[in-house]
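Dear colleague,

Please find below the structure that I am handing over to you. My notes on it follow.

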Amino acid sequence: MLDVRRLQVLRAVVTSGTVTAAAAHLGYTPSAVSQQVAALEKQAGTALLERVGRGVRPTAAGLLLTEHAALIGSAVARAETALADLRAGRTGHLTVRYFATAGSTLVAPALARLRAEHPGVGVDLRLSDPVDPLREVAQGRADLAVVVQAPDRGGDAFRLVRLLDDPYAAVLPLGHPLAGEEVIDLGALSGEQWVGSEPPGPCLEPVIDSCAAAGFSPDFAIQSEDYATAQGFVAAGLGVGLMPRLGLRDQHPGVVVRPVRNPEPIRVISAAVREIAFEQPALRGLLAALGEAAGIAAPADGGQVSWPSGPQAQTSSN
């Protein structure tokens with residue numbers, strides 16, 4: 001294979017017309033330039049320069065290689081510029097995964113800020129695999145995923161950054177005996193029929209664990225994996241439910257939402273980020289934007305959710 005550095009030495013000799021001028025331009029000695037050209041001629045298997053008076057001129061092979069050296073130099077310069085743009089966050093591409101309820105509250109505003117700050121960065125955005133939302137990040141096929149996961153469950157290839165604690169609240173039909181309470185003890189729902197709103201997994205675990213801590217297991221009479229549909233079942237008087245605050249931004253007019261305590265279920269929303277992706281300024285910018293969006297979406301007091309009183313009160317995040 002022809003040595004790229006030697007090709008550039010040949011190009012300098014041909015464009016300047018003399019070995020001495022090329023040496024001055026490159027910062028080499030004339031002897032070093034002659035040695036580089038001689039080594040390149042040995043690689044090429046043919047003469048590349050011929051003497052003309054006090055100067056030199058390229059042979060046909062020398063002219064051919066000089067033209068290609070110019071193309072290579074231009075390509076290297078473009079590569080250096082592209083690399084500088086990538087390292088500065090002016091270009092690049094991010095692969096992002098998210099779960100549905102985080103889309104409008106966290107991901108959308110974060111991407112809007114990313115687009116404003118890094119307009120040249122492309123984003124491949126899709127819903128994550130509900131069965132294993134961390135898989136694509138762990139396998140290197142996604143740079144970041146917004147997941148419901150505790151920060152202490154990271155892996156070797158990725159890091160979990162805590163974004164938001166999302167508390168669950170009781171969702172009751174209008175006229176329910178507990179609808180007038182400002183805060184509901186979780187144990188007070190032990191004798192109720194329940195409307196499930198979570199599939200098995202990290203979103204259901206806080207509900208099951210908190211109910212167990214309160215001394216009961218919820219009796220799920222109806223299952224739904226959609227918060228809007230689950231609220232409709234509750235509004236129809238078919239049961240009560242626990243739903244996360246982010247899932248209650250669009251509250252059904254036929255339900256009452258109340259904070260719960262003793263204990264209060266909370267799901268932890270985190271960003272799973274590939275370790276190597278932290279080198280990208282655009283990725284760090286997106287993570288900062290997600291943190292900002294999470295701060296806006298989080299309760300003002302840092303944990304306790306409080307909804308205004310009244311049978312059709314909206315969540316405090318509206």
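Is F216 buried or exposed? F216 is buried, with a relative accessible area of 12% (buried means under 20%, exposed over 50%, partly exposed in between, with a 1.4 Å probe and protein chains only).

This is a predicted model, in which local features need pLDDT of at least 70 and side-chain atom pairs count only at pLDDT 80 or more, while totals for chains, interfaces and linings use all residues. Residues are numbered from 1 along each chain as its sequence is written, and side-chain values use heavy atoms, with hydrogens and water left out.

Aromatic residues

The structure holds two aromatic pairs (rings of Phe, Tyr and Trp, the last by its six-membered ring, with centres within 6.5 Å; planes under 30 degrees apart are stacked, over 60 edge-to-face, the rest tilted). The pair of W194 and F216 is tilted because the planes stand at 50 degrees, with ring centres 6.1 Å apart. W194 is buried, at 1% relative accessible area. W194 also pairs edge-to-face with F220, at 6.1 Å centre to centre and 80 degrees between the planes. Since W194 lies in strand β8 and F220 in strand β9, this pair ties together parts 26 residues apart in sequence (strands are DSSP runs of E, at least two residues; helices are runs of H or I, at least four; both are numbered from the N terminus). F220 is partly exposed, at 26%. W194, F216 and F220 form one aromatic cluster.

Residue Q231

Q231 belongs to helix α8 (residues 227–235) and is buried, with a relative accessible area of 1%.

Yours sincerely
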